[in-house]
Amino acid sequence: MIVDFHMHSQCSDGQLMPQDVIDLAVARGCAQIAITDHDTVAAYTELDLQSQPIRLISGCEFSTQWQGREIHIVGLNLDLQAPELLDGLAWQQQARSQRAERIAAQLSRHGFVDAYAGALKLAQGASVGRPHFARYLVELGAVANFQQAFKRYLAAGKPAYVRTEWASIEQVCSWISAAGGVAVLAHPLKYKMTLTKLRALVTEFKNAGGSGIEVISGAQQPEQTRRMAALARQFDMQASVGSDFHQPGQPWAALGQIAPLPDDCEPVWSRW
Ligand code: MN
Ligand code: MN
Ligand code: MN
């Protein structure tokens, strides 16, 4: 059974409309998916939830901060009407728009005076994020490509990098549990932490109410999968899988084309 519980639509920084994401998942043979846009559940209000040819689990990828790093938590199977969840998402949107304004101010200091308007247009109604500024700089001809926009301006340590004041792990987990959902630590390998540090993170995440880990995130080596499965077992956490799909042709993984969970993991979807 193909399951993919981490993907993005145009409601955040993905390229496809929510229904096109679902149609692609169906074409790839997925049985269950969750669209997990960054700090928004707008995809679910755009979709006709009653008539989908696939099991659609509600989801959202929340940004949090922990020890000065940005950590992502995927909430799955959420009650999308829960007031705590909606308040939490409003908090995150506020943090995000403040950041976009500060990025634009930095870019303006480097001569890109229309960066905010340009990024806003590219966001097409979604909240403005770094990828939109990157695309704007590419279209302007200021950089050769998307990667270069990050390398020169937008990546951590570069002139237009601005840290966002996200909610804490504890806050995000409380929103997810108030909405009856499951909190999953997203892409643990992406943080490039030592195993000791990662264990400290998982300990705090679990204490805050987190109960799952993405044992499979995109394309990864079998050895990495074994390490993440061992981590999940050690902390008695359930295992989730996700491609982190943003757009067709992305190098790290294709929607639905991810390795299966090792047999000794308890899948997060055993809950529903
Ligand atoms: Mn993204
Ligand atoms: Mn992420
Ligand atoms: Mn993601």
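In this predicted model, the manganese ion (ligand 2) is held by E61 through OE, H72 through ND1 and H187 through NE2, at 2.1 to 2.2 Å. Along the chain, these donor residues follow the spacing E-x10-H-x114-H. Distant parts of the chain are linked here: E61 belongs to strand β4 (residues 59–66), while H187 sits in the loop between β7 (182–185) and α8 (195–207), 126 residues apart. Both E61 and H187 are buried.

Now let us turn to another metal site. The manganese ion (ligand 3) is coordinated by H6 (NE2), H8 (NE2), E61 (OE) and D244 (OD), at 2.1 to 2.2 Å. H8 is buried, as is D244.

| manganese ion (ligand 2) | E-x10-H-x114-H | 5.8 Å |

Next comes a sheet. Which order do the strands of the open three-stranded sheet take? They run β1-β2-β3, with parallel pairing. β1 (2–4) and β3 (55–56) stand at the edges with a single partner strand each, so one side of each has no neighbour in the sheet. Strand β2 (residues 30–33) pairs with β3 in the parallel sense over two bridges, and Q32 stands opposite R55 in β3. In general, strands of a sheet pair through backbone hydrogen bonds, either parallel or antiparallel.

Finally, the chain can be viewed as domains. The domain assignment gives domain 1 (3–88 + 168–271) and domain 2 (97–154), and their C-alpha centres lie 27 Å apart. Four residues from domain 1 and four residues from domain 2 take part in the contact. Between them, domain 1 and domain 2 bury about 310 Å², with 43% of it on carbon and sulfur atoms. Which three residues supply more of the area that domain 1 buries against domain 2 than any other three? They are Q10, S12 and D13, which supply 74% of that area. As for salt bridges across the interface of domain 1 and domain 2, zero are found.

How values were computed. Residues numbered from 1 in each chain as written. Chains lettered and ligands numbered in written order. Predicted model: local features only at pLDDT ≥ 70, side-chain atom pairs only at ≥ 80, totals over all residues. Heavy atoms only, no water. Pairing = 2+ DSSP bridges. Helix = DSSP H or I, 4+ residues; strand = E, 2+ residues; numbered from the N terminus. Donors = N, O, S within 2.8 Å, 3.2 Å for Na, K, Ca; no water. Buried < 20%, exposed > 50% of the residue type's maximum accessible area, 1.4 Å probe, protein only. Domains from an automatic or database assignment. Contact = heavy atoms within 4.5 Å. Buried area = accessible area lost by both parts, 1.4 Å probe. Salt bridge = Lys/Arg side-chain N within 4 Å of Asp/Glu carboxyl O.
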